[in-house]
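Let's go through this one label by label, checking each name against its cut-off. Have the viewer open while you read.

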Amino acid sequence: MDCIFCAIMNREIPGDIVYEDEKVLAFRDIMKQAPEHVLIIPKRHIESLLEAKEEDAALLGHMLLTAKKLAKELGIAETGFRAVFNTGSDGGQSVMHLHLHLLGGRSLGWPPG
Ligand code: 5GP
Ligand code: ZN
């Protein structure tokens, strides 16, 4: 399987890794859309939120709590941030390994484009 995020996780290609534990990896987005833009991925390859199952509930919760923890560490918790799962083609998903975007450090527009 050819997956760029698995390759970052396995240190086959470089990534600006900001956090890692037994369940997740977090690294800076290569084309950042905000002063802080981090991607949080599960270490187990899951294609998208659509493929997540009931037994992944704890993992999904852990990803969200990791976003909160990193928002604090990166200094964007006070000013606010966004955590989002782009899913499928209309959702704008371009990499088919589940990832939670954490964006902050500027005022983010709503609705998204
Ligand atoms: P999506 O479009 O699937 O929601 O988000 C995928 C994100 O992965 C994009 O924001 C894109 O910039 C980022 N990305 C794609 N390839 C790489 C890469 O090789 N390294 C890193 N760090 N980010 C990547
Ligand atoms: Zn993968």
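**Contacts, strands and burial**

Q: What makes the pair between His 99 and ligand 1 a polar contact?
A: A polar side-chain atom of His 99 sits 2.8 Å from an oxygen atom of ligand 1. The cut-off is a pair of N or O atoms within 3.5 Å, so this pair qualifies.

Before going on: this is a predicted model, where local features need pLDDT of at least 70 and side-chain atom pairs 80 or more, while totals for chains, interfaces and linings use all residues. Residues are numbered from 1 along each chain as written, chains are lettered from A and ligands numbered from 1 in written order, and side-chain values use heavy atoms, without hydrogens and water.

Q: Why is β2 called largely enclosed?
A: Four of its five residues (24-28) are buried, so the rest of the structure largely encloses β2. Buried means under 20% relative accessible area, with exposed over 50% and partly exposed in between (1.4 Å probe, protein chains only). A strand, by the way, is a DSSP run of E with at least two residues, and a helix a run of H or I with at least four, numbered from the N terminus.

Q: What makes β2 a paired strand?
A: Pairing takes at least two DSSP bridges. Strand β1 (residues 17-20) has three to β2, and β2 has five to β3 (residues 36-42), so both pairs pass. Both run antiparallel. Phe 27 is the bridge partner of Ile 17 and also stands opposite Leu 39 in β3. A hairpin of three residues links β1 to β2.

Q: Why is Leu 59 called buried?
A: Its relative accessibility is 13%, so Leu 59 falls on the buried side of the cut-off. Leu 59 belongs to helix α2 (residues 57-74). Lys 43 is 16 residues away in sequence and 10.0 Å away in space, C-alpha to C-alpha.

How values were computed: A polar contact is a pair of N or O atoms within 3.5 Å; within protein, one must be able to donate a hydrogen and the other to accept it, and residues adjacent in sequence count only if both atoms are side-chain atoms.
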